Amino acid sequence: MKVLSLNFLTCAVKACKSTTGAYPLHPKDAELVEDDLEINSDLLLNIMPRIDWPALSTTATELGFPSLPAQPPTKEELEADEKMLRDLHHLLMETQMMEGKLVCGNCGHEYAVREGIANFLLPAHLV
Amino acid sequence: MQPTIPAAADADAAAVTAAASGTAAAGALNQQPSSGGSAASHAAAPNSASGNGMQPPITATAATAATAADVVPVPPAGQNDSTIAIATATSKGPSSLTANTAAAPPSTAASLAPSSSSAEAASYEATHVHAVYESIAPHFSATRYKPWPVIADFLSSLSPGSVGFDVGCGNGKYLGVNPGVHMLGSDRSASLVRFARDHGGVERSQDVAVADGLSLPFPEGRADFAICVAVIHHMSTRERRREAVRALLDCVRRPSADGSGNGDDGGKILVYVWALEQSNSRRGWDEGSEQDLLVPWVMKQKKEKKEKKKTKGKAADEGVEPAEAGAEDGSSGPPADTTYQRYYHLFRKGELEEDVEAVGGKVVRNGYDKDNWWVVASRCS
C-alpha cells in the first residue's frame, strides 16, 4: 500500500470518523519497500491539491522520512523543481507499507497490514 | 465483487431459491412448490432439505439453504411466505429459468420494513455472501476480467489526478482502467482482495484493503469518485442498502456551495446493481418476480470436467443439465460439483434512485445495462 493511499485512510469505526485523532492512522512496526516506478508528473501535479499535507507530513515523519516543508509546494514550484517532484514521487508512489499495523489515534484500534493489504474488518463490538 | 453471472458460472445453475423468510428455522424451509409450480418446462421437484431424489445441484442448494435457515431464522427484507421454489433450468433458452414464487408484488416487498435486526441481517450476509465469495474467489475471479463499458467510460472521463475508491472491487478489474487517477480498492473478501492487488501484474500492484461496505475506512468528503459495482444487491435489507449508498456518498467531495455558476458539483459515485427486470436474460426474471433470492454458484470439479469433455457438444461449456449431473453423482463416482448460494436483492426499476435520494444523493445520470440498473450520483450538499 502506497503512502499516497495512507493519506486517504482513516479509522473504520464510525464514532472515530468525526474525531481529529483518527486521521491519519499511525504506522506501527512498518516494513517498507521501495518500488522503482516511472514518474508520472501530470498525475503527481494534479494529485497534490488533493493531498492532506499536514497528514502526509505526520505519516512521512512516522515512517522515518525527513521532515516535509510546512506548506505544500505550489504547482509552479513543483514544475520548477524536479528534485522536489522526484522526492514526492518517491514518497507517495514508490514507498509501500508491506507489513505492520495502522493505529487509530482515537480508539487505539490496530489494523493489521500484511503483504501490503490492510484489513479494516472490525470486531463485532466496534461495528 | 463483480457484475453478475456470465455464461460459465451460473449457466448450469439449476435452482433459484427464493430467500426464505419467516421466523422458525424449519418454517423457512417449507417445501411448497410455488403456486402454480415452476414455470420451467422441467417439473420442479418440491424440495426437501433432507430429501432425496433431487438432482445434485439442487441437493446442494437445499442443504446450503437448510444450514442457513438454521443459523439465521429471520432473513432479508420482509416476505411472509416461507417458500423455496425450485425452477429447473435447461440452459437451452434464455427464459427457461424463472423464479416463480409466491412472491409479493415488488412494490410491496420493497416497501416493507426490514424484518430482521441489523445484527441478524449482517449474520445472514456473512453466511450467504461473504463466506461464499471466500470460497469461490479463484473461480469467480477467473470469470471476471472484462471491464463493463459504462464503468470504463466513467473512469476514463475522470480528470487526471483524481483520487477515488472502488468499494467491492472484487478481483480489481477496474483499478487499472485509468492510469491517470489513483484508485484504492476495498472488498469484504480477503481472498478477492489478493487477486485485486495483483490484477495488473505483480510489478504494478494495486492498492487494496479488506473492508466492509458499511464500515469503510475512508475519510469524509475527500474522494473525487467512488464506484460500487454489483455489491449493494448483496445487502439483505433496504436499510442496509441505503446505508451502503450513504457510505459511498460520504466518501466523496461535497458540492461547493458558492452558487456562482462555476461551482464544483462535487465528487461522483457510480453504483451498479442487478435488475429485477431482465426478461431477456437466461434467468428470465422480470417485474413481478421475487426480489430476494439465493442464486447458486456452481463450482465444477476438475475431474468431472474432463469426463464431460467426452460427451461435449450438446450444452457447450454451459454445464450439464441437472439430470445428467445426477447420473454422475453416484456416491462412488467423481466428486460432485459444489453449489454455493449467494443472496441477492434484485432492484426493480426506480428503486436504486429512491435509495440514493433517501440518503441525500442527487442522481446525475442513470440507466439500464445488461440486466443491471446503474446510477451516477453526487451529494446534495
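## A tour of chain B and its contact with chain A

Begin by selecting both chains of this predicted model: 24 residues of chain B are in contact with 25 residues of chain A, where two residues are in contact if their C-beta atoms, placed from the backbone, lie within 7 Å. On the side of chain B that touches chain A, the elements giving two or more residues are β3 (182-187), α6 (190-197) and β4 (207-210) of chain B; helices (H or I, at least four residues) and strands (E, at least two) are DSSP runs, numbered from the N terminus. Sorted by class, this side of chain B has 13 nonpolar, five polar and six charged residues, with Ala, Val, Leu, Ile, Met, Phe, Trp, Tyr, Cys and Pro counted as nonpolar, Asp, Glu, Lys and Arg as charged, and the others, Gly among them, as polar.

Residues are numbered from 1 along each chain as its sequence is written, while chains are lettered from A and ligands numbered from 1 in the order in which they are written. Because the model is predicted, local features need pLDDT of at least 70 and side-chain atom pairs count only at pLDDT 80 or more, whereas totals for chains, interfaces and linings use all residues.

Next, select residues 117-119 of chain A, which form strand β4 of that chain and are joined by two bridges to β4(B), the strands running parallel; two strands pair if DSSP finds at least two bridges between them. Within this pairing, look for A118(A), which stands opposite A209(B) in β4(B).

Now move to α6(B), where six of the eight residues are buried, so the helix is largely enclosed by the rest of the structure. A residue is buried if 20 or more other C-beta atoms, placed from the backbone, lie within 10 Å of its own. To see the buried residues of α6(B), select L192(B), V193(B), R194(B), F195(B), A196(B) and R197(B), and then show what covers them, which includes β4 of chain A together with α4 (118-142), β3 and β4 of chain B.

Finally, colour chain B by its domains, which an automatic or database assignment gives as domain 1 (7-141 + 281-345) and domain 2 (148-275 + 351-379). The contact between them takes 19 residues from domain 1 and 18 residues from domain 2 of chain B. On the side of domain 1 that touches domain 2, the largest share, nine residues, comes from α4(B), and that side has twelve nonpolar, five polar and two charged residues.

Terms used: Buried ≥ 20, exposed ≤ 12 C-beta atoms within 10 Å, placed from the backbone.
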